[in-house]
2 protein chains.
Amino acid sequence: ELVVLVQQHFKDQPADKSLPASGILAGKHVVITAGPTREALDPVRYVSNHSSGKMGFALAEACRDAGARVTLLAGPVSLATPQGVTRINVVSARDLLAASEQAVDAGCDVFIATAAVADYRAEHIAEQKIKKQGDSLTLTLVKNPDIVASIALHAKRPFMVGFAAETQYMEEYARGKLERKQLDMIACNDVSRGDIGFASDDNAMTVFFSDRFGLEKVILEKANKHVIATRLVECLVQAGINDQNH
Amino acid sequence: ELVVLVQQHFKDQPADKSLPASGILAGKHVVITAGPTREALDPVRYVSNHSSGKMGFALAEACRDAGARVTLLAGPVSLATPQGVTRINVVSARDLLAASEQAVDAGCDVFIATAAVADYRAEHIAEQKIKKQGDSLTLTLVKNPDIVASIALHAKRPFMVGFAAETQYMEEYARGKLERKQLDMIACNDVSRGDIGFASDDNAMTVFFSDRFGLEKVILEKANKHVIATRLVECLVQAGINDQNH
């Protein structure tokens, strides 16, 4: 059903239709994942991640303002769809992977993965509500697909932007993720700081690039997520997404 | 900190101040729990339940309209606080229990528990983000306090209203919960119906009363949650909360 919706979306919007003529991302199709995913344990319970979706939605606006056509793949968040942006709602990591693959198949220049995808899901989703049992309950979770790594291996590989939320060893973890997942750029925030990230309207990030760009890391000081989003779009261009060198 | 907030709230609002003179709940203080609770696994992950909080917020409005003073203990939901209602935000089941006990200590006539409280929390909350490990992950969860059962045993016991969301054997489970938790009334919806409950604006419920009231069950047909809330307030009065017989 989701796949049909995504197919319908791209059928209805040929790539060369209604693109703004100017802007540093003019003519580009940007796909952005945003918000958390939810992994059902039973019909009423789930495992999820903290994520308001605000950073992804702010990036959708910044990319639109830079002239891109934007598709926003959104997990369960309570944010209004930015004007001029196409939103596709998803729930689980597997939903999000399917929607991402469809979007990339249809032609995508930049893939920005801000979603806080659940790493694990329940091994078995109970069909009926699990009744309270003993004093403890053991859950077996299995690994979810790695969306960013899957898309990075895609035949029509877009410029790949990842996000990382770390509570310690930020640079080490971020650079490891950049290499391991074959990303072009990664933006990292330190979620152990109480004044930024998650539900906050502000953010502060450090941006790292793939070695082949020969670019220094960029530190984005604490600012409103809309300001950070605009700076991240500038980082994209700095890495040369318009040069088709990825 | 939460306890101080709750104490401050009741200090600032003596029970006889600014109560509407009329209405079927005039002079009553109603405490309503609403929304889900979130139980942290680590700084970024949590276990939660589906609950938009809409039913609890609609009940807060209906009780206010019936002349009650209303305190709304709300888990993480994105709903505006109804005018004239005092809202206290909570995250975990243990937060909610502390806030509930404070509210009941300060004097409460009716306690309406609509919150979808997580039955279990992580045995240990990891201080740092749990890194992805093997192909599977085993979580040990331990039982959370039972808020409704705790409040029902309180020295100054309010009229207790519970909610149940069942996917099967609705009447059997609901009547069992009513007795086991020593409730006065329970409202039950069948969450296996796709057209009601959770995020929906509509609901349909069956209300059961403690045997000592000698009341038949009441079936509330599918309607907007505001209509259902008004009917539930009528059920409260039907069970005689104004007769002090609980």
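About 3600 Å² is buried between chain B and chain A in this predicted model, and carbon and sulfur atoms give 49% of that area. The contact involves 37 residues of chain B and 37 residues of chain A. Of the interface residues of chain B, 100% are also interface residues in chain A, so the copies meet through the same surface.

**Symmetry**

- Chain B is superposed on chain A by a rotation of 180° with 0.0 Å of shift along its axis, at an RMSD of 0.0 Å.
- The two copies are therefore related as by a two-fold rotation axis.
- Within chain B, the C-alpha nearest the axis belongs to Val47(B), at 2.2 Å from it.

**Strand pairing across the interface**

- Strand 3 of chain A, residues 45-49, pairs with strand 3 of chain B in the antiparallel sense.
- This pairing extends over 5 bridges.
- Within it, Tyr46(A) has Ser48(B), in strand 3 of chain B, as its bridge partner.

**Polar and charged contacts**

- Between chain B and chain A there are 2 salt bridges.
- A salt bridge joins the side chains of Asp119(A) and Arg45(B), with an N to O distance of 2.3 Å.

**Make-up of the chain B side**

- The elements of chain B that give two or more residues to the side touching chain A are strand 3 (45-49), strand 8 (136-143) and strand 9 (159-166).
- Strand 8 of chain B gives the most to this side, with 8 residues.
- By residue class, the side of chain B that touches chain A comprises 14 nonpolar, 12 polar and 11 charged residues.

Terms used
Residues are numbered from 1 along each chain as its sequence is written. Chains are lettered from A and ligands numbered from 1 in the order in which they are written. This is a predicted model: local features need pLDDT of at least 70, side-chain atom pairs count only at pLDDT 80 or more; totals for chains, interfaces and linings use all residues. Side-chain values use heavy atoms; hydrogens and water are left out. Contact means heavy atoms within 4.5 Å. Buried area is the accessible area (1.4 Å probe) that two parts lose on being put together, summed over both. A salt bridge is a side-chain nitrogen of Lys or Arg within 4 Å of a carboxyl oxygen of Asp or Glu. Helices (H or I, at least four residues) and strands (E, at least two) are DSSP runs, numbered from the N terminus. Ala, Val, Leu, Ile, Met, Phe, Trp, Tyr, Cys and Pro count as nonpolar, Asp, Glu, Lys and Arg as charged, and the others, Gly among them, as polar. Two strands pair if DSSP finds at least two bridges between them. Copies are superposed by least squares on the C-alpha atoms of residues with pLDDT of at least 70 in both.
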